[in-house]
Amino acid sequence: MLLSLLRRLPSICPPLRTASVHRRRSAVMSVSPGRNLTADAPKASLKGVVFDMDGTLTVPVIDFPAMYRAVLGDDTYAVLRAASPTGSVDILHHIETWAPAEQHRAYEIIAHFERQGLDRLQIMPGALELCRFLDSKQIKRGLITRNVGAAVDLFHQKFGLMFTPALSREFRPYKPDPAPLLHICSTWGVSPNEVMMIGDSLRDDVVCGIRAGAFTCLLDETGRYESPDCYTDDLKPNFKVSSLKEVFPLLEKHFNLVPPSQTA
């Protein structure tokens, strides 16, 4: 079964539209305008948590700079990276502007790097424990990734964790558009302000959560987002942690963990 999933990756086509390591001391932010998360404020209700996959639930193994250079070329990659405040490049959106033949070539290259990443797939420290904690509280778990569906299937099978819904980049539009997160909230029958988005990308995961109206938690294992210059007044996570293990006390301190079938 795992081999059949891996074989699906080389033939990735452009996505189709659907229905809609360095350790530091924990840094917890309370930042989002209008979302009072101070210690003396009433706890907010939390009924579901949505995770990014690559770099959040799994240890980063894909060589993204090499992949971007292979797709874009050294010069274009350097220009796009220099134009980004965080040095990140949204390669999928960039590819969408290309002719079909160029898109096909780009997706083949991306699939090659993603397949190499799947061969070395590892669970992120603290992920299993956090998922078990959420399950013990009957809190829903969902997943949104810009990786392909075959990668999600392999993740589910390899680590025995199921996320429902689990949306890959075949769901359009993908992050940072809020559509996938709003779709999950609708499927669960909960409001976005009762959900938290956890991910390692300020540009993709945090922006997706903010646009949807959810709480956001930025996982920053390496200090990539240590500088205050990374943030603007309207682009800040509610929380920032350096390990998934730091999410446990964060949830218990700031939230009433309420199963979706119950009211706060």
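**Confidence first**

For the record, pLDDT is the predictor's confidence in each residue, from 0 to 100, and a contact means heavy atoms within 4.5 Å. Where pLDDT is low, the predicted coordinates should not be read in detail.

Residues are numbered from 1 along each chain as its sequence is written, and side-chain values use heavy atoms, with hydrogens and water left out.

**Rings**

I counted aromatic pairs next, and the structure holds seven. Here rings of Phe, Tyr and Trp (its six-membered ring) pair if their centres lie within 6.5 Å; planes under 30 degrees apart are stacked, over 60 edge-to-face, and the rest tilted. I picked Phe239 and Phe255: their ring centres sit 6.0 Å apart with the planes at 65°, so I logged the pair as edge-to-face. Phe239 belongs to strand 7 (residues 239-241) and Phe255 to strand 8 (residues 255-257), so the pair ties together parts that are 16 residues apart in sequence. Strands here are DSSP runs (E, at least two residues) and helices are H or I runs of at least four, numbered from the N terminus.

My cut-offs are under 20% relative accessible area for buried, over 50% for exposed and partly exposed in between (1.4 Å probe, protein chains only).

I stayed with Phe255 to list what it touches: Lys43, Ala44, Leu46, Met196, Phe215, Phe239 and Leu250, leaving out residues up to four places away in sequence. Phe255 and Ser45 are 210 residues apart in sequence, but their C-alpha atoms are 5.6 Å apart in space. Val258, in the segment after strand 8, gave me another such pair: Val258 and Gly48 are 210 residues apart in sequence and 8.5 Å apart, C-alpha to C-alpha. Val258 counts as buried at 7% relative accessibility.

Elsewhere, ring pairs link Phe51, Phe155, Phe159 and Phe163 into a cluster. Arg141 lies over the face of Phe163, 4.7 Å from the ring centre; the test is NZ of Lys or CZ of Arg within 6 Å of the ring centre and within 35 degrees of the ring normal.

**Helices**

I checked His156 in helix 7 (residues 149-159). At 9% relative accessibility, His156 counts as buried, and its contacts beyond four places in sequence are Leu161, Met162, Phe163 and Ala166.

For helix 8 (residues 179-188), my buried list reads Ala179, Pro180, Leu181, Ile184, Cys185 and Trp188. Their cover includes strand 2 (48-51), strand 3 (140-144), strand 4 (166-167), strand 5 (195-199) and helix 9 (202-212). Just after helix 8, Gly189 takes a positive phi of about 75°.

Then I looked at helix 6 (residues 127-136) and helix 10 (residues 247-254), whose axes come within 10 Å and cross at roughly 30°. That makes helix 6 roughly parallel to helix 10. Glu129, Leu130, Phe133 and Leu134 of helix 6 meet Val247, Phe248, Leu251 and Glu252 of helix 10.

Most residues other than glycine have a negative phi, and most peptide bonds are trans. Where did I find exceptions? Gln138 is not a glycine, yet has a positive phi of about 60°. Gln138 sits in the loop between helix 6 and strand 3, and at 53% relative accessibility counts as exposed.

The peptide bond from Arg172 to Pro173 is cis, omega near -10°, and the one from Lys175 to Pro176 is cis with omega near 15°. Pro173 is in the loop between strand 4 and helix 8, and I placed Pro176 in the loop between strand 4 and helix 8 as well.

How values were computed. Predicted model: local features only at pLDDT ≥ 70, side-chain atom pairs only at ≥ 80, totals over all residues. Axes fitted to C-alpha atoms, helices over the stretch in contact; angles between N-to-C directions. Parallel < 35°, antiparallel > 145°, perpendicular 65-115°, else oblique.
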